[in-house]
Amino acid sequence: MPLNIIIAEDDENLANSLSRDCEKVQDIRVVATVQNGKRLVQLAMEMNPEVVITDIKMPGISGIQAARRIREYNPDIDIIFLTAYEDF
C-alpha cells in the first residue's frame, strides 16, 4: 500500500519538483500539492495522508500554524518542514 503524501509549497516550481521526486520512489503517492496553509489543513483533514511536507512560510497561515491544526485533528500524521530561509 502506498504512502500518501501532501506537499504544501508556495513556490510552484519547487512544489512540482518535490512532487516529481517523491513520485519516483516506489510506494509513495503524492495525493495533493497545495500552495497555502489553509488549503493544506483542509486537505489533510479530508484525505488523512500519512505524511505532510510543508514550507514554513506561506501565504495565509504558515506551515507551522497549519501543522498545529493538523496535529489537533490527527496527531499521527508525520510532518516534514522545508524552508529556504536561514532564519524564521
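**Entry 1: D55**

I began with D55 and found it in strand β3, residues 51-55; strands are DSSP runs of E with at least two residues, helices are runs of H or I with at least four, and both are numbered from the N terminus. I am working with a predicted model, where local features need pLDDT of at least 70, side-chain atom pairs count only at pLDDT 80 or more, and totals for chains, interfaces and linings use all residues. Residues are numbered from 1 along each chain as its sequence is written, and side-chain values use heavy atoms, with hydrogens and water left out.

Is D55 buried or exposed? D55 is buried, meaning under 20% relative accessible area, where over 50% is exposed and in between is partly exposed (1.4 Å probe, protein chains only).

I then listed what D55 touches (heavy atoms within 4.5 Å). Leaving out residues up to four places away in sequence, these are A8, E9, D10, G63, L82 and T83.

**Entry 2: the sheet**

Next I followed the strands. Four of them form an open, parallel sheet in the order β2-β1-β3-β4, and two strands pair if DSSP finds at least two bridges between them. β2 (28-34) and β4 stand at the edges with a single partner strand each, so one side of each has no neighbour in the sheet. The twist averages 20° from one strand to the next; axes are lines fitted to C-alpha atoms, for helices over the stretch in contact, and angles run from 0 to 180 degrees between N-to-C directions.

Strand β1 (residues 3-8) is joined to β3 by four bridges, and I5 stands opposite V51 in β3.

**Entry 3: helix α3**

I turned to α3, which lies across β3 and β4 and runs at about 175° to β4. Which residues of helix α3 (residues 63-73) are buried? They are G63, A66, A67 and I70. These cover an arc of only 100° around the axis, which puts them on the same side of α3; the arc is that of the directions from the helix axis to the C-beta atoms. Their cover includes α2 (37-47), β3 and β4 (78-82). On the face turned away from the buried side I noted the exposed R68 and E72.

**Entry 4: salt bridges**

How many salt bridges does a search of the whole structure find? It finds one. The side chains of D21 and K24 meet in a salt bridge at 3.8 Å, N to O. D21 is partly exposed at 41% relative accessible area, and K24 is exposed at 67%.

Technical notes
Lys, Arg positive; Asp, Glu negative; His and termini not counted. Salt bridge = Lys/Arg side-chain N within 4 Å of Asp/Glu carboxyl O.
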